[in-house]
Amino acid sequence: MAKHHVQTTVNGDPIEFLCDTSETLLDVLRNQLNMTGTKEGCSTGDCGACSVTVDGRLVCACLMLGVEANGKKVGTIEGLARGDTLHPLQQKFLEHAALQCGVCTPGFLVAAKSLLETNPDPTETEVRYYLAGNLCRCTGYDKIVRAVMDAAKDMRGSKAA
Amino acid sequence: MRYEAPETIEKACQLLAAEAGQARILAGGTDLLVQIKTDVLDPPLIIDIKRITEMRKITVDASGCWIGAAVTGAELKEHAPLRAAWPGVVEAANLIGSTQVQGRATMGGNLCNGSPAADSVPALIAAGAKALIVGPSGRRELPVEDVMIGVRKLALTKGEIVTGFVLPLRPKHGGDAYLRFIPRTEMDIAVVGCGVSLVLDAAGVCTAARMSLGAVAERPLLVDASALIGTKVDAAALDKLAAAASVACRPIDDKRGTKEFRVKVAGVLARRTAQIALDRAHGKTGTTH
């Protein structure tokens with residue numbers, strides 16, 4: 001069977017690729033587009049390491065076929081920083097030491113960005129529930145939650161200013 | 001493995017009927033893609049139904065509610081009229097998986113995956129939902145409790161697709177709820193799930209009640225809730241409902257819970273779920289989670 005020709009945008013850039021039915025969006029991002037910021041953890045939708053947005057909706061890239069991205073807008077971790085300027089969430093993750101090995105970090109950042117877009121002033125409980133699908137085996141989560149809360153505060157402040 | 005994304009239900013049914021092997025429907029893919037990845041399934045054809053407009057739609061109007069089979073959990077949550085009409089159904093669907101999974105997972109998939117522990121199914125059964133099924137020989141409606149007939153077994157014939165769910169309007173003085181027991185707070189599979197929907201008259205006496213239990217048999221069960229009818233859903237009536245729930249269970253022992261535990265928890269959940277449905281029928285708002 002011929003490969004599927006997929007036209008999509010990734011972080012705002014128009015992208016075309018060819019893929020087999022069995023290739024997930026995660027496979028395409030990492031192996032064809034060389035966007036290896038999105039990590040492969042469990043490959044079964046349990047760990048959130050491959051979190052991306054599709055048409056603004058947070059999903060696991062491992063639970064979506066590459067061909068399904070046709071006509072969609074994909075957002076990945078590579079879209080967070082603006083050149084050398086880190087996204088406030090990235091900056092706060094560094095300041096709070098909210099990572100150790102770093103494999104879960106891109107997924108947490110993409111998920112946290114998605115949370116703050118819909119809920120700029122979340123409670124700690126809301127942060128913890130929203131991020132329940134992102135697993136981290138290093139930090140114990142507290143530093144991640146604090147970084148997200150702190151980033152939310154800064155982002156609200158800069159919006160008001 | 002071929003992939004098709006038809007834009008009409010008729011075309012999807014034709015593709016499904018014409019495939020000699022076991023074609024699979026792709027809605028959210030949160031079960032299907034895992035089963036392919038882990039070699040449980042190797043379908044020759046995947047039919048993506050997300051380009052079929054009516055399967056992606058929610059409507060709430062004077063004639064009732066329609067929830068397309070390919071509507072995601074996140075979309076259900078954002079639909080205020082549906083949440084107001086059937087909060088138990090929406091909450092049940094929203095218990096499935098993580099935020100990421102909610103971005104993709106659908107109630108059509110939750111039903112057709114054929115798991116006895118599917119969270120949204122008991123809530124749909126309690127609500128009196130009917131599945132609209134379209135196939136080569138036309139359309140038919142089937143009560144949701146009759147769609148799943150066993151573990152991974154559905155009452156669908158070749159070429160048939162569940163296109164969505166028809167729910168009645170929220171009756172006056174009606175309320176529904178769904179609760180499940182899991183040993184943690186999030187991201188787990190029900191040890192027992194319970195949906196209750198009930199209707200009161202103006203004096204607060206229960207005139208209709210439906211209950212459904214998940215994860216206590218080979219499929220979600222519609223369970224006799226007549227213990228509530230004619231009562232004000234007082235403590236004695238809730239005791240009887242709890243007893244009816246426990247009696248209806250025929251669970252297995254597994255790593256999530258023993259038979260004995262599931263039988264007991266079914267009763268506890270029946271009581272708690274009915275209480276929330278009652279509060280909602282009395283016009284008290286609020287969520288369970």
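**Strand β5 of chain B and the A–B contact**

Trainee: How many bridges does β5(B) make with strand β10 (residues 161–167) of chain B?

Mentor: Strands and helices are DSSP runs numbered from the N terminus (helices H or I, at least four residues; strands E, at least two). Two strands pair if DSSP finds at least two bridges between them. One spot to look at is B:G68, which stands opposite B:G164 in β10(B). β5(B) and β10(B) pair in the antiparallel sense, and their bridges number four.

Trainee: Which pLDDT do side-chain atom pairs need to count?

Mentor: Residues are numbered from 1 along each chain as its sequence is written, chains are lettered from A and ligands numbered from 1 in the order they're written, and side-chain values use heavy atoms, with hydrogens and water left out. This is a predicted model: totals for chains, interfaces and linings use all residues, local features need pLDDT of at least 70, and side-chain atom pairs count only at pLDDT 80 or more.

Trainee: Which residue of β5(B) is the bridge partner of B:D61?

Mentor: Look at strand β4 (residues 58–61) of chain B, which pairs with β5(B) in the antiparallel sense over four bridges. The two form a hairpin with two residues between them. In β5(B), the partner of B:D61 is B:G64.

Trainee: How many residues of strand β5 (residues 64–68) of chain B are buried?

Mentor: Buried means under 20% relative accessible area, exposed over 50%, partly exposed in between (1.4 Å probe, protein chains only). β5(B) is largely enclosed by the rest of the structure, because its buried residues are five of the five.

Trainee: And which β5(B) residues point the other way from B:G64, B:W66 and B:G68?

Mentor: In a regular strand, side chains alternate between the two faces of the sheet. B:G64, B:W66 and B:G68 point one way, and the other way go B:C65 and B:I67.

Trainee: Moving on, how much area is buried between chain A and chain B?

Mentor: The contact (heavy atoms within 4.5 Å) takes 28 residues from chain A and 28 residues from chain B. Buried area is the accessible area (1.4 Å probe) that two parts lose on being put together, summed over both. Carbon and sulfur atoms give 62% of it, and the total is about 2200 Å².

Trainee: Which residue of chain B forms a salt bridge with A:R57?

Mentor: A salt bridge is a side-chain nitrogen of Lys or Arg within 4 Å of a carboxyl oxygen of Asp or Glu. Between chain A and chain B there are three. For A:R57, the closest N and O atoms are 2.6 Å apart, and the partner is B:E78.
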